[in-house]
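Please read it alongside the model.

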Amino acid sequence: MKLLIPRLETAVEWLMALALAVMVLAIGSNVVLRYVFNTGIPAAEEVARLMFVWMIFLGAILALRRGSHLGMEILQAHLPAGLRRSCAIVSHLLMLYALWLFLEGSWAQTVIGLDTYSTVLGFPTALMAGSGLICALAMLPMVGLNLWHIVTRHPAARIPGEPQAHKQAPVSEPEVSQ
């Protein structure tokens, strides 16, 4: 498991990079074609939109995994530890509920999208809604596990506003050849 998670993160990073490259290529070539040759690629906007949606949802998964979502922790940081922990439990329960609603909605949209097709390329719009489905399915266990860590007072628990012990790998000295 310790090898699987970093590999999955790396795969998601590569997928995001690929989506960005496809977006840049599609939109960039379309701009050049429009201004230089007075023509364009009709499918470029659909491809770019699909890549953008997937890139955003994959990035949200990575941000949650790494604890780098934007947050307002000023209030929690000034609360006593017990109250901070209680707020974290309540907020995690609310997040789980919101993710459950997101999962249900994404599932419904994915099912609808199986019979609905994009205008230019004709791909099922379930490809667009499926990104939300994957996002919710990935985030639910992450939030649930962190909630479990908070409730059981596990040292790996991430509680908003709580100072985190930043562990750094020891820096090795570069070898100097003589």
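1. Arg 153 is found in the segment after H5, and its phi is near 60°, a positive value in a residue other than glycine. Arg 153 is exposed, with a relative accessible area of 62%, where buried means under 20% relative accessible area, exposed over 50%, and partly exposed in between (1.4 Å probe, protein chains only). Helices here are DSSP runs of H or I with at least four residues, strands are runs of E with at least two, and both are numbered from the N terminus.

2. On provenance, this is a predicted model, in which local features need pLDDT of at least 70 and side-chain atom pairs count only at pLDDT 80 or more, while totals for chains, interfaces and linings use all residues. Residues are numbered from 1 along each chain as its sequence is written, and side-chain values use heavy atoms, with hydrogens and water left out.

3. Asn 38 also deserves a look: it has a positive phi of about 55° although it is not a glycine. Asn 38 lies in the loop between H1 and H2, and it is exposed, with a relative accessible area of 71%.

4. Side chains of opposite charge can pair when their charged atoms come close. How many salt bridges does the rule give? The count comes to 5 salt bridges, each being a side-chain nitrogen of Lys or Arg within 4 Å of a carboxyl oxygen of Asp or Glu.

5. The side chains of Arg 66 and Glu 9 meet in a salt bridge, at 3.7 Å from N to O. Arg 66 lies in helix H2 and Glu 9 in helix H1, so the pair ties together parts that are 57 residues apart in sequence. The C-alpha atoms of Arg 66 and Glu 9 are separated by 9.9 Å. Arg 66 counts as partly exposed at 43% relative accessibility, whereas Glu 9, at 18%, counts as buried.

6. Arg 34 forms a salt bridge with Glu 45, the closest N and O atoms being 3.5 Å apart. This pair links distant parts of the chain, with Arg 34 in helix H1 and Glu 45 in helix H2, 11 residues apart. Arg 34 counts as partly exposed at 45% relative accessibility, and Glu 45 counts as partly exposed at 41%.

7. Arg 84 forms a salt bridge with Glu 162, the closest N and O atoms being 3.7 Å apart. That pair links distant parts of the chain, with Arg 84 in helix H4 and Glu 162 in the segment after H5, 78 residues apart. Is Arg 84 buried or exposed? Arg 84 is buried, with a relative accessible area of 11%, while Glu 162 is partly exposed, with a relative accessible area of 27%. Elsewhere, salt bridges that share partners join Glu 9, Glu 13, Arg 65 and Arg 66 into one network.

8. The largest pocket has a volume of about 1,200 Å³. Of the 43 residues that line the largest pocket, the closest to its centre are Ala 63, Leu 64, Arg 65, Gly 67 and Arg 158. A pocket is taken on a 1 Å grid over the protein atoms alone, as an open set of points where a 1.4 Å probe fits, with protein on both sides within 12 Å along at least five of seven lines, and lining residues have an atom within 4 Å of a point. Grid points are joined across faces, edges and corners, and the volume is the space filled by probe spheres set on the points.

9. H1, helix H2 (44–66), helix H4 (81–113) and helix H5 (126–151) each supply at least two residues of the lining of the largest pocket. The largest share of that lining, 9 residues, comes from H5. By class, the lining has 26 nonpolar, 11 polar and 6 charged residues, where Ala, Val, Leu, Ile, Met, Phe, Trp, Tyr, Cys and Pro count as nonpolar, Asp, Glu, Lys and Arg as charged, and the others, Gly among them, as polar.

10. Ile 27, Val 31, Val 32, Tyr 35, Val 36 and Phe 37 form a nonpolar patch on the surface, with about 650 Å² of accessible area together. Such a patch is made of residues with over 30% relative accessible area and no salt bridge, nonpolar side chains (Val, Leu, Ile, Met, Phe, Trp, Tyr) being joined within 5 Å, and areas come from the Shrake-Rupley method with a 1.4 Å probe. Tyr 35 has its place in helix H1 (residues 4–37), and is exposed, with a relative accessible area of 74%.

How values were computed. Patches are made of residues with over 30% relative accessible area and no salt bridge: like charges are joined within 9 Å, nonpolar side chains (Val, Leu, Ile, Met, Phe, Trp, Tyr) within 5 Å.
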